[in-house]
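Good morning, everyone, and thank you for making time for this.

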Amino acid sequence: EDRRMLLDVARAVKAAGASMLRGGAYKPRSSPYAFQGLGAAALELLAEARAATGLLVVTEVLDPRDVELVARYANVIQIGTRNMQNYALLAEVGRAGRPVLLKRGYAATIDELLLAAEHVMANGNSDVILCERGIRTFDTKTRNMLDVSAVPVLKSETHLPVFVDPSHAAGRADLVAPLAYAAVAAGADGLLIEVHPDPEHARSDGEQSLTPAAFATLMRRIAVLAAVVGRDLRLVPRVTPGPEHASEEEQEVESLPESLKHVRAEIEHIDREIVSLVVRRVLLAREAGFVKREAGLPVVDRVQERLVLSRARALADEAGLPYPELRELLRHMIAVARRAQILDLASERHLESR
């Protein structure tokens with residue numbers, strides 16, 4: 001809606017653990033008199049938000065004539081539900097060189113969604129994300145009906161990642177979390193959650209938008225649920241400069257033997273896996289902090305911290321790693337989790353004082 005709102009939301013969702021920022025520069029609305037987005041100006045704002053937070057930018061394109069412009073700014077191009085079978089647009093984004101987030105049409109079958117994806121891939125782009133966002137039914141209690149069964153069906157019939165948009169399916173903020181949990185349990189690879197700092201005064205879809213605080217709570221609970229069903233939250237790599245902006249160090253890396261680059265790439269992949277596990281650990285610690293506060297217990301539990309550190313010797317022996325360094329690693333992880341718990345407590349106290 002404006003620069004300040006976008007940057008505030010971007011920073012809030014980044015802090016809560018989001019890895020992409022989806023904003024509608026061009027908004028297809030059923031009414032021609034409704035807010036249509038800020039257009040090309042919003043693309044600049046999205047790029048600024050990406051630079052400020054490192055979040056990858058996802059935005060929708062409506063017209064084949066705008067694909068080239070949108071592709072200059074977006075990391076991922078979205079095709080909305082109304083354009084799922086706009087074959088000229090699908091062909092154009094297939095040639096754009098950007099991953100495509102393809103939303104299921106609100107009256108489309110699963111086969112029709114897969115064929116729409118084929119239109120993109122037939123034009124040279126195999127980086128397609130399928131998105132279930134609910135289908136239209138006769139019921140009026142929700143905006144759409146989330147087809148949870150579509151997630152495992154799509155996962156079994158294609159190699160493409162599957163996202164779920166519980167916000168558009170529900171049309172109601174109070175239903176977003178339950179539908180998000182269902183999507184995670186069903187095997188979704190990602191979630192699209194609408195967030196607004198002041199939903200009651202939003203110019204678009206305020207009734208289905210979560211506040212930043214509600215989004216942060218949802219993220220914590222998703223981390224717990226994901227662990228229960230054998231899943232976990234994953235981080236997406238931060239945005240890196242293109243080859244035309246590569247530093248001398250990066251150019252030197254390009255000249256290394258392929259075998260060494262492969263080993264380093266594997267190490268980088270493992271580093272990201274480690275960071276993902278640390279994030280999962282922090283989210284669980286934050287959830288534990290909320291449970292302890294509700295039970296009237298101290299947030300920082302020094303006894304539990306000492307217990308964790310006491311395991312370092314056995315863990316080091318089992319893994320064949322040096323004990324002092326492993327114990328120091330555990331100590332730092334405890335410190336990161338403790339800081340997150342304390343910040344949550346300070347934030348709650350601040351809100352209570354307002």
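This is a predicted model: local features need pLDDT of at least 70, side-chain atom pairs count only at pLDDT 80 or more; totals for chains, interfaces and linings use all residues.

Let me begin with contacts, meaning heavy atoms within 4.5 Å: of the contacts in the chain with a separation of 6 or more, 66% are accounted for by residues 24 or more positions apart. Residues are numbered from 1 along each chain as its sequence is written, and side-chain values use heavy atoms, with hydrogens and water left out.

The chain has 14 helices and seven strands, where helices (H or I, at least four residues) and strands (E, at least two) are DSSP runs, numbered from the N terminus. Of its 354 residues, 40% are buried; buried means under 20% relative accessible area, exposed means over 50%, and partly exposed lies in between, with a 1.4 Å probe and protein chains only. The chain exposes about 19400 Å², and carbon and sulfur atoms supply 55% of that area, which is computed by the Shrake-Rupley method with a 1.4 Å probe, only the protein chains shown counting as cover for residues.

Let us now turn to one helix, α5. It runs over residues 110-121, and at 1.5 Å a residue its twelve residues should span 16 Å, which agrees with the 17 Å between its end C-alpha atoms; the expected span is 1.5 Å times one less than the number of residues. Which residues of α5 are buried? They are Ile110, Leu113, Leu114, Ala116, Ala117 and Val120. Because these residues cover an arc of only 155° around the axis, they lie on the same side of α5, the arc being that of the directions from the helix axis to the C-beta atoms. On the face turned away from that buried side, α5 carries the exposed residues Asp111 and Leu115. The cover over the buried residues of α5 includes α4 (87-94), β4 (100-103), β5 (128-132) and α6 (150-157).

My next topic is charge. Side chains of opposite charge can pair when their charged atoms come close. A search of the whole structure finds 14 salt bridges, each one a side-chain nitrogen of Lys or Arg within 4 Å of a carboxyl oxygen of Asp or Glu. One of them joins Arg4 and Asp8, at 3.8 Å from N to O, and both residues lie in helix α1 (residues 3-16), four residues apart, about one turn of the helix. Arg4 is exposed, with a relative accessible area of 66%, whereas Asp8 is partly exposed, at 39%.

Another salt bridge pairs Asp165 with Arg22, whose closest N and O atoms are 3.9 Å apart. This pair links distant parts of the chain, 143 residues apart, with Asp165 in the loop between β6 (162-164) and α7 (166-170) and Arg22 in strand β1 (residues 20-22). Is Asp165 buried or exposed? Asp165 is buried, with a relative accessible area of 0%, while Arg22 is partly exposed, at 29%. Arg22 and Asp165 also belong to a network of salt bridges that links them with Lys103 and Glu194.

Finally, Arg172 and Asp174 meet through their side chains in a salt bridge of 2.7 Å, N to O, and Arg172 is partly exposed, with a relative accessible area of 33%.
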